[in-house]
Structures are given as structure tokens and as C-alpha cells.
Amino acid sequence: MYRRVALLAVSLGLAACQSPNPYTASSMPIPPAPPQAANTLDLSAYPAPPRDYGRYQSWAWRNNQLPAGSAWADSAQIAEAVSNALDQRGLRPAQPGHPADLWVSADLHTEKRLRQVQDDYGYGGMYGDRYGRYGNQYGMYNSVPVVRTYEVEVMVVRLNLYDGKTGQPVWSSSAETSSKGSLSERSDALSERSDALRESLNKAVQAYPPH
């Protein structure tokens with residue numbers, strides 16, 4: 001009995017396998033590639049190569065324009081300070097008639113900053129038995145922190161470097177220092193402002209070339 005049932009089940013299974021499949025596979029043909037595809041390189045599919053800063057050896061002012069002057073330094077002073085700072089990083093002015101590897105622009109301005117200083121003012125006392133030769137004396141000491149906020153003026157310098165061939169920005173930096181000296185034309189004030197400008201530019205170029 002069980003044997004007949006098993007044979008019947010096997011027969012039905014074989015009959016089902018031999019029946020036609022109602023589902024048929026179909027696909028659309030792939031369209032042909034455009035003619036220019038063989039000669040076109042998709043750069044977006046590849047990571048950008050690291051920039052070789054070693055090939056930058058010379059520089060010139062972008063658009064042949066010196067940096068604008070300000071109340072703290074004229075255009076010639078800023079240009080000279082920038083040239084000295086770049087020279088420390090191995091960048092030399094481009095020779096006449098030769099293309100520059102880098103275009104340079106610089107900006108100098110002053111901004112206001114808030115500074116805070118905490119001063120500890122102490123107070124104390126001493127008392128004891130003034131009638132006793134060996135009397136006990138007691139003392140106490142404490143301090144009260146006082147925070148003072150004041151406004152200072154800082155000199156902010158920003159440098160921008162551009163690729164001499166493509167014009168694309170390759171590096172920028174900014175730095176600030178306390179603006180020293182007043183707006184007077186005294187020689188000591190002019191010297192202090194010149195020192196502040198040089199200090200700001202030296203800070204700005206310290207990170208060049210980037211690692």
C-alpha cells in the first residue's frame with residue numbers, strides 16, 4: 001500500500017517537471033558606446049594625485065598687483081615683508097620673462113579681539129595675645145580672583161597661493177599678532193608696526209609646504 005503511494009507521488013513529480021515553464025527570460029540589448037568613449041578618460045573615477053609642492057620654486061604677484069596698503073603699513077612694506085617670508089620657505093621671485101610657478105596675493109587688516117586676565121588679590125590678618133611674651137599668634141590668608149576683560153587690536157595677515165599654470169588655489173594661511181605701535185609717524189612706532197607685520201607673516205608661512 002505504502003509502496004503504491006510512493007510510486008504515485010514520484011510519477012506526479014516527474015510529470016510536473018516535464019510541463020512547459022510559463023516564464024521566459026528576456027533582455028534588452030546593451031546600446032553601443034558613443035564613438036568618443038574610446039578616447040575619453042573619466043578622471044572622476046580616479047583619486048586626485050597628491051600635489052607636488054616641490055615643483056613650486058618661483059612666484060609672482062597675482063594679476064601683477066601688489067597688496068593693498070593699510071593704515072598700519074603701505075603697499076611696498078607689505079610686499080617686502082611677504083617676499084622675505086616666502087624666501088624663508090625656498091620660494092624666490094620669478095625672473096623677468098619667465099613664468100612663475102605660483103601666483104601670490106596678500107591681505108592685511110586689523111581686527112578687534114577681547115582678552116581676559118585674572119588677577120588674584122590676596123588679603124590676610126595676624127592677631128594674637130599682645131600681652132604675652134610667648135603668646136600664640138594666629139594668621140589667615142585668602143585670595144579673591146578678579147577677571148578683567150579688555151579689547152585689543154590685532155594685525156591679521158592672509159596669504160593665498162595659486163598654481164601658475166591652472167590658476168587654481170593650492171594653499172592659503174592666515175596669522176595674527178598684537179598690532180604694536182600707534183598710528184603716529186614716530187620712528188619707534190613705525191619700527192614696532194614693521195616688527196608686528198614681519199611676525200604675522202612668519203607665522204603664516206610656517207605651515208608651508210603642507211605635509
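User: Leaving aside neighbours within four places in sequence, which residues is Leu-201 in contact with?
Analyst: This is a predicted model, in which local features need pLDDT of at least 70, side-chain atom pairs count only at pLDDT 80 or more, and totals for chains, interfaces and linings use all residues. Residues are numbered from 1 along each chain as its sequence is written, and side-chain values use heavy atoms, with hydrogens and water left out. Contact here means heavy atoms within 4.5 Å, and Leu-201 has such contacts with Ala-81, Val-82, Ala-85, Val-157 and Leu-159.

User: Why does Thr-177 count as buried?
Analyst: Thr-177 lies in strand 5, residues 169-178, strands being DSSP runs of E with at least two residues, numbered from the N terminus. Thr-177 counts as buried because its relative accessibility is 7%.

User: With which side chain does the side chain of Thr-177 make a polar contact?
Analyst: A polar contact is a pair of N or O atoms within 3.5 Å; within protein, one must be able to donate a hydrogen and the other to accept it, and residues adjacent in sequence count only if both atoms are side-chain atoms. At 3.3 Å, the partner of the Thr-177 side chain is the side chain of Glu-199.

Methods. Helix = DSSP H or I, 4+ residues; strand = E, 2+ residues; numbered from the N terminus. Buried < 20%, exposed > 50% of the residue type's maximum accessible area, 1.4 Å probe, protein only.
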